[in-house]
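Thanks for coming, everyone. Let me put the model on the screen and walk you through it.

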Amino acid sequence: MEFDYWWLIVCPIFFALGWIAARIDIDHLVRESRNLPRSYFKGLNFLLNEQPDKAIDAFIEVVKVSPETIDLHFALGSLFRRRGETERAIRMHRNLLDRPDLAPEQRDQAVAALGEDFLKAGLLDRAEECYAGLRSGPYRPEALRRLLEIYQLLKDWPKAIETATVLSTESGEAKQREIAHYQCELAQAAQAASDLVAARQALAAALEARRDCVRASIMLGDLAAREGDQGAAIDAWQRIEHQDPAYLALVARRLLDAWRATGRITEGLTRLRHYLADYPSIDILDVTFQATLEEEGADAAHRLVREELRRNPTLLGLDHLLEARLLGADAPQRQELEMMRGLVHAHTQKLSRYKCQNCGFRARQFYWQCPACAGWETYLPRRVEEIELA
Ligand SMILES: [Zn+2]
């Protein structure tokens, strides 16, 4: 077999080419990594080892050495804010804004981030200034949402109405419910200042923004009752049946008082029984029970609550049944019934709260705006027990 000598020449050439190719790649990598400061890798290492404090120090070093790393500035700024170090976050974002080489979109991003810092620090006027400056661009809708948050905190309802209107026009977000509530807040302030004309105007505007605004109907009824026009008050409260009948529970007591004041208690009691049959509710049962007891006696009240309990077995209803039974009971029975009622009553205390459907916050009284999550109309006009049964 004859040996091919040309292999002796070709093999080293291939090796040399491979070696050169590898060198080129390695040199490229080394050059790239030399462009990034050592602190950057140190910072990454700290982050991977879950040592955020040391990572921040390392990244600050990078920012000092290579000020062109704009994204790192943003990342650090939001990291500071999240940790509650708002002063450092503000400084970071202000430094960015001072840079002449910032692109318009980066400038907007920095303004929005600065607004967020001020909001977190509770400096509402400065936050407002930042967000109000974002008149267009991708950060505009979020800026409007933040402005709305600020005006609600400041209870500046005219500005809240204006901002919500702009937001719904520009981004198509439905804000009618909120606008109607802002108008109701305006009406409440006017009512407190005894300016009943302004209060009525605001309530009309609330109903214009949202025809089904139950709160406006309730307040219109309250206004009429305050002026001594019980008939108009009854009309306003009864309109709720066509808006959202579940809310009749909130006005059942007011309706009963107005019917009584106008000498229409029999008519009122019939209406209440219809409401109870059509829209079962613990609060309506409560009012109907008391009215029946006063107008028709313990037996009628007992019958009413027993029938209702058969239809809707609730502990709050049982509480009333025991109350009715107690009224007609003799001494030995009384003791036993009182003990039972005491037990049921202790338990129903917790069940008679209202509950926010957004954050779950429970409250003894009904709120139109949740005190915990600031959501509007997030409470159902129903007690916890009714919601849980449903
Ligand atoms: Zn809530």
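One definition before we start. Buried means under 20% relative accessible area, exposed means over 50%, and partly exposed is in between. So arginine 177, at 35% relative accessibility, counts as partly exposed. Keep those cut-offs in mind. And remember that this is a predicted model.

Now the overview. The protein has 21 helices and two strands. There are 390 residues, and buried ones make up 42% of them.

Next, salt bridges. How many does a search of the whole structure find? It finds 28.

Start with arginine 146 and glutamate 116. Their closest N and O atoms are 3.0 Å apart. Arginine 146 lies in helix α8, residues 140-153, and glutamate 116 in helix α6, so this pair ties together parts that are 30 residues apart in sequence. Arginine 146 is buried, with a relative accessible area of 18%. Glutamate 116 is partly exposed, at 23%.

Back to arginine 177. Its side chain meets that of glutamate 377 in a salt bridge, 3.2 Å from N to O. This pair links distant parts of the chain: arginine 177 is in helix α10, glutamate 377 is in the loop between β2 and α21, and they are 200 residues apart. Glutamate 377 is buried, with a relative accessible area of 15%.

The third pair is local. Glutamate 308 bridges to arginine 311, with the closest N and O atoms 3.0 Å apart. Both lie in helix α18, three residues apart, about one turn of the helix. Glutamate 308 is buried at 7% relative accessibility. Arginine 311 is partly exposed at 43%. Salt bridges also share partners: Glu116, Glu142, Arg145, Arg146, Glu149 and Glu173 are joined into one network.

Stay with helix α6 for a moment. Aspartate 117 is also found there, in residues 104-121. Is aspartate 117 buried or exposed? Its relative accessibility is 0%, so it counts as buried. Leaving aside neighbours within four places in sequence, aspartate 117 is in contact with Arg81, Thr86, Ala89, Ile90 and His93.

Out to the surface. Arg303, Arg306, Arg310 and Arg325 gather in a patch of positive charge. Which element gives the largest share of the positive patch? Helix α18, residues 298-311, with three residues. Arginine 310 is in that helix, and at 65% relative accessibility it counts as exposed.

There is a nonpolar patch too. Phe41, Leu44 and Leu47 form it, with about 250 Å² of accessible area together. Phenylalanine 41 lies in helix α2, residues 38-48. At 40% relative accessibility, phenylalanine 41 is partly exposed.

Last topic, backbone angles. Most residues other than glycine have a negative phi. Serine 194 has a positive phi of about 60°. It is found in the loop between α10 and α11. Alanine 374 also has a positive phi, about 65°. Its place is the loop between β2 and α21. Alanine 374 counts as partly exposed, at 39% relative accessibility.

One more distance to finish. Valine 197, in helix α11, is exposed at 58%. Valine 197 and alanine 187 are ten residues apart in sequence, and 9.3 Å apart in space, C-alpha to C-alpha.

Key
Residues are numbered from 1 along each chain as its sequence is written. This is a predicted model: local features need pLDDT of at least 70, side-chain atom pairs count only at pLDDT 80 or more; totals for chains, interfaces and linings use all residues. Side-chain values use heavy atoms; hydrogens and water are left out. Patches are made of residues with over 30% relative accessible area and no salt bridge: like charges are joined within 9 Å, nonpolar side chains (Val, Leu, Ile, Met, Phe, Trp, Tyr) within 5 Å. Accessible areas come from the Shrake-Rupley method with a 1.4 Å probe; for residues, only the protein chains shown count as cover. A salt bridge is a side-chain nitrogen of Lys or Arg within 4 Å of a carboxyl oxygen of Asp or Glu. Lys and Arg count as positive and Asp and Glu as negative; His and the chain ends are not counted. The place of a charge is taken as NZ of Lys, CZ of Arg, CG of Asp or CD of Glu. Helices (H or I, at least four residues) and strands (E, at least two) are DSSP runs, numbered from the N terminus. Buried means under 20% relative accessible area, exposed over 50%, partly exposed in between (1.4 Å probe, protein chains only). Contact means heavy atoms within 4.5 Å.
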